[in-house]
Amino acid sequence: MSIDVGGTGREPLIELRSLEHAYLRGTPLETPALRGITLRVLRGEALGIIGRSGSGKSTTVQHMNGLLRPIARGQALVYGQDMADPGLDIRTIRQKVGLVFQHPEDQLFERLVGDDVAFGPLRMGLTLDEARDRVRWAMDAVGLDLAAFKDRFTFSLSGGEMRKVAIAGVLALKPEVLVLDESTSGLDPRGRRELLALMRRWKEREGLTIVFVSCNMEDIAALVDRVCVLDQGRSVLEGQVREVFSRPAELQQYGLNAPQITEILVELKERGLDVDPRCSNVAEAEEQVWKTLST
Amino acid sequence: MADPIIRLDGVSFGYNAGSPDPHLALRDINLQIWPGDYVVIVGHNGSGKSTLAKLLNALLQPTVGDVWVEEMNTRNQRQIPAIRSTVGMVFQVPDNQIVATVVEEDVAFGPENLGVPRAEIRLRVDAALDAVGLTEKRQRPPHLLSAGEKQRVAIAGVIAMRPRVMVLDEATAYLDPQGRSQVLDVIRQLNRSGMTVVAITHFMHEAVEGNRVLVMEKSRIVLEGTPRDVFGQVERLRELQLDVPQPTDLAYRLHQRWSGFPEGLLTVPEVVEETVKLWQRMRPA
């Protein structure tokens with residue numbers, strides 16, 4: 001396993017070191033979930049976390065804002081703070097690291113959209129005016145028009161809209177790191193593409209650091225810079241997304257597939273064509289195939 | 001040709017029908033599903049896919065028009081039990097349709113409720129678990145299984161009722177790649193052994209599995225045909241803002257650049273073979 005920080009000089013905001021975790025600890029049903037996770041989240045990057053279901057992805061990200069604390073072996077450092085320290089100021093950590101769960105639309109509870117997004121900022125102790133600014137900014141960031149949506153009934157929205165509102169509720173806390181657990185799954189193609197475009201924009205314009213958990217390799221390829229592969233509670237592979245995806249045999253061993261375009265290019269290369277399989281979208285793959293056919 | 005196993009004649013469906021602002025989820029749908037078909041339905045959220053699925057086993061009745069399942073009209077309340085044992089449903093989130101605390105008891109739940117004799121239930125449960133590859137886990141509590149395994153338990157529960165048609169409403173949406181391919185393998189096997197399948201999905205590479213693809217948009221069926229016919233219409237699919245399978249997209253782009261590259265390719269091996277063939281032909285001998 002290689003830690004591919006690549007001399008970017010970027011500071012790690014989150015660092016997990018040989019982290020372990022077990023559910024139902026101390027009972028006959030004790031189930032180990034993490035057996036050794038080592039990874040870093042660097043400032044300003046988008047890190048993808050992939051692995052089959054049950055590999056420990058959700059358990060891992062829940063250590064990133066202290067929903068789970070290291071209780072067995074290993075260390076979780078978030079903004080340099082040891083998450084096992086009982087005296088830790090957890091509120092500050094949770095404001096810096098926002099976590100969007102799977103099916104975040106299930107977390108909505110207020111009757112009106114605006115109130116739901118404002119809940120977090122108000123709980124933080126902001127004034128009504130400050131909270132209103134936050135809501136405006138967050139709704140804008142998820143591409144929902146404040147005037148049109150703030151007084152809509154939360155439960156009259158479509159699934160994709162509800163998901164955006166839930167994400168706005170987390171963004172309204174102005175986190176520096178946004179962790180999204182399977183946030184594109186279950187959306188239709190249009191909804192997925194929109195959300196991916198938004199995430200790219202937050203990263204590029206707002207400098208948000210993104211941790212993106214997904215089972216959809218096409219989405220991972222389209223968004224992240226680096227990727228970390230988990231298997232049976234261990235971090236087994238880490239590197240630039242293009243490098244990792246150009247090793248389909250290894251991915252298969254961890255129950256994953258590379259995107260189909262990568263599979264095509266890897267196969268072509270094996271058959272003797274001069275192509276580079278490290279592509280992250282169809283346009284790049286097109287260039288590779290075209291180049292080798294036209295020379 | 002045999003009679004269609006399911007027939008929709010001029011079906012429209014409105015939620016809150018009769019109110020001043022009825023929302024028409026389906027408009028004038030005519031559709032025949034034939035025995036042995038593997039029909040894949042794609043389209044955006046809100047296009048009417050799930051409403052259509054629910055009409056197929058009388059979970060909903062049409063506002064206008066008729067749905068016939070083996071010549072039974074779904075409006076006929078007395079035939080609903082027979083319709084539901086002909087058409088089984090698998091939903092998106094398996095947890096919503098798992099009821100028992102042990103896998104094999106969950107699979108037995110359906111046939112028990114159909115009044116199947118005990119010995120026969122045992123046989124059906126064993127066969128269903130075998131079909132989805134979960135025989136080893138028959139004594140396990142379902143909530144400790146992976147998502148893919150849970151979805152296969154849900155499918156086994158439907159198989160054990162021996163329906164002729166299985167309707168899957170985004171049954172792979174929340175599964176990992178391996179879970180997805182396991183579920184797809186099971187569906188493919190069932191279809192080969194004669195089960196009629198209707199599957200709704202957002203994953204275009206899954207749509208390639210069927211013998212027919214229906215594209216829904218704004219409450220109507222807007223494209224219909226074999227996967228090759230439908231995915232050949234890349235421009236039209238783009239207009240609808242739908243995804244095109246990556247191999248198809250790649251072949252289409254190359255065809256745009258040079259008409260000698262074949263379009264309408266659907267799978268990874270097809271694109272690889274065609275590319276290699278062209279490359280060998282163009283190489284100086």
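Which way, left-handed or right-handed, is the crossing of α10(B) and α11(B)? In this predicted model, the crossing comes out left-handed. The two helices involved are α10 (residues 246-257) and α11 (residues 268-282) of chain B, whose axes come within 8 Å and cross at roughly 30 degrees. With an angle like that, and 35 degrees as the limit for the term, α10(B) counts as roughly parallel to α11(B). On the α10(B) side, the contact is made by P247(B), L250(B) and A251(B); α11(B) brings V268(B), E270(B) and V271(B) to it. Sorted by class, that gives five nonpolar residues, no polar ones and one charged.

Q241(B) sits in the loop between α9 (234-239) and α10 of chain B, and it has a positive phi of about 60 degrees although it is not a glycine. Most residues other than glycine have a negative phi. Q241(B) has 13 C-beta neighbours inside 10 Å, so it counts as partly exposed. E235(B), in helix α9 of chain B, has 10 such neighbours inside 10 Å and therefore counts as exposed.

Now for the sheets. An open, six-stranded one in chain B runs in the order β6-β7-β8-β3-β9-β10, with mixed pairing. Its edges are β6 (87-90) and β10 of chain B; each has a single partner strand, so one side of each is left without a neighbour in the sheet. On average, and ignoring direction, neighbouring strands here are turned by 20 degrees against each other. Helix α1 (residues 49-56) of chain B packs on it and touches β3, β6, β7, β8 (196-200) and β9 of chain B, with a direction at about 150 degrees to that of β8(B). Helix α6(B) also packs on the sheet, touching β3, β7 and β8 of chain B, and its direction likewise makes about 150 degrees with that of β8(B).

Within that sheet, β9 (residues 212-217) of chain B is a handy strand to follow. It is mostly covered, as five of its six residues are buried. Strand β3 (residues 38-43) of chain B is joined to β9(B) by five bridges, and the two run parallel. In this pairing V39(B) stands opposite R212(B), while V40(B) faces V213(B). Toward strand β10 (residues 220-225) of chain B, β9(B) again has five bridges, but here the strands run antiparallel. V213(B) turns up in this pairing too, with G225(B) in β10(B) as its bridge partner. The hairpin of β9(B) and β10(B) has two residues between the strands, and K218(B) in that hairpin takes a positive phi near 50 degrees.

Another positive phi belongs to E170(B), at about 50 degrees, and this residue is not a glycine either. E170(B) lies in the loop between β7 (165-169) and α6 (177-192) of chain B.

In total, 32 residues of chain A are in contact with 32 residues of chain B. On the chain A side, the elements giving two or more residues are α6 (159-171), α7 (189-206), α11 (260-270) and α12 (282-294). The largest share, seven residues, comes from α12(A). By class, this side of chain A has 13 nonpolar, twelve polar and seven charged residues.

Key
Residues are numbered from 1 along each chain as its sequence is written. Chains are lettered from A and ligands numbered from 1 in the order in which they are written. This is a predicted model: local features need pLDDT of at least 70, side-chain atom pairs count only at pLDDT 80 or more; totals for chains, interfaces and linings use all residues. Two residues are in contact if their C-beta atoms, placed from the backbone, lie within 7 Å. Helices (H or I, at least four residues) and strands (E, at least two) are DSSP runs, numbered from the N terminus. Ala, Val, Leu, Ile, Met, Phe, Trp, Tyr, Cys and Pro count as nonpolar, Asp, Glu, Lys and Arg as charged, and the others, Gly among them, as polar. Axes are lines fitted to C-alpha atoms, for helices over the stretch in contact, and angles run from 0 to 180 degrees between N-to-C directions. Angles under 35 degrees count as roughly parallel, over 145 as roughly antiparallel, 65 to 115 as roughly perpendicular and the rest as oblique. A crossing is left-handed if the near helix is turned anticlockwise from the far one by less than a right angle, and right-handed if clockwise. A residue is buried if 20 or more other C-beta atoms lie within 10 Å of its own, exposed if 12 or fewer, and partly exposed in between; C-beta atoms are placed from the backbone. Two strands pair if DSSP finds at least two bridges between them.
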